Amino acid sequence: MTSVLNVDSIAAKDGTSPVALTKQVAPKAWWSADDTVIKDSFNISSLTDVGASTYGFNFASNMSSANYAFPGGTLNITAFDVLLTLSATSSRLTQKGMNTTNGTVQDTDPSGAAIGDLA
């Protein structure tokens, strides 16, 4: 037998608070950029072009510490080098990779996520 649940919103018992995740972890920030222009993001206040293929992302709401996970990624890249500098207020990312279309080494459009606890 198949069940269908249709709702417009889900709230905690008090009717207004967000529902707590139980035994789940959600990204506390994520971003996708085209060079220095943020295409889409969550909890990212700004992007800074620090240098050649190096970008700094500033969080709108700080992480609790610099001990968060960064499962980063880029599009059309087979292999890439990532160097991260993490802090509670920002993430600095250096990415260079191999383009899968033409096989050249090139700067990549930065994207990624931060998984951890907010301050």
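How many helices and how many strands does the secondary structure of the protein chain come to? The count is zero helices and eight strands, where helices (H or I, at least four residues) and strands (E, at least two) are DSSP runs numbered from the N terminus. This is a predicted model, in which local features need pLDDT of at least 70 and side-chain atom pairs count only at pLDDT 80 or more, while totals for chains, interfaces and linings use all residues. Residues are numbered from 1 along each chain as its sequence is written, and side-chain values use heavy atoms, with hydrogens and water left out.

**Chain as a whole**
- Read from the N terminus on, the elements of the protein chain follow the order β-β-β-β-β-β-β-β.
- Of the 119 residues in the protein chain, 25% are buried, where buried means under 20% relative accessible area, exposed means over 50%, and partly exposed lies in between (1.4 Å probe, protein chains only).
- The protein chain has an accessible surface of about 7800 Å², and carbon and sulfur atoms hold 52% of that surface; such areas come from the Shrake-Rupley method with a 1.4 Å probe, and for residues only the protein chains shown count as cover.
- Among the contacts in the protein chain with a separation of 6 or more, 45% are between residues 24 or more positions apart, a contact being heavy atoms within 4.5 Å.

**Surface patches**
- Patches are made of residues with over 30% relative accessible area and no salt bridge, with like charges joined within 9 Å and nonpolar side chains (Val, Leu, Ile, Met, Phe, Trp, Tyr) within 5 Å; a salt bridge is a side-chain nitrogen of Lys or Arg within 4 Å of a carboxyl oxygen of Asp or Glu.
- A patch of negative charge on the surface is formed by Asp34, Asp35, Asp49 and Asp109, with Asp and Glu counted as negative, Lys and Arg as positive, and His and the chain ends not counted; the place of a charge is taken as CG of Asp, CD of Glu, NZ of Lys or CZ of Arg.
- Asp49, one of these residues, belongs to strand β3 (residues 44–51) and counts as partly exposed because its relative accessibility is 44%.
- Leu5, Val7, Ile10 and Val19 make a nonpolar surface patch of about 430 Å², and Val7 sits in the segment before β1.

- Thr36 is found in the loop between β1 (29–34) and β2 (37–42), and, neighbours within four places in sequence aside, Thr36 is in contact with Leu47, Asp49 and Tyr55.
- Asn43, in the loop between β2 and β3, has a positive phi of about 65 degrees although it is not a glycine. Most residues other than glycine have a negative phi.
- Asn43 counts as buried because its relative accessibility is 13%.
- Gly112 lies in strand β8 (residues 111–114), and its C-alpha atom is separated by 9.9 Å from that of Pro27, 85 residues apart along the chain.
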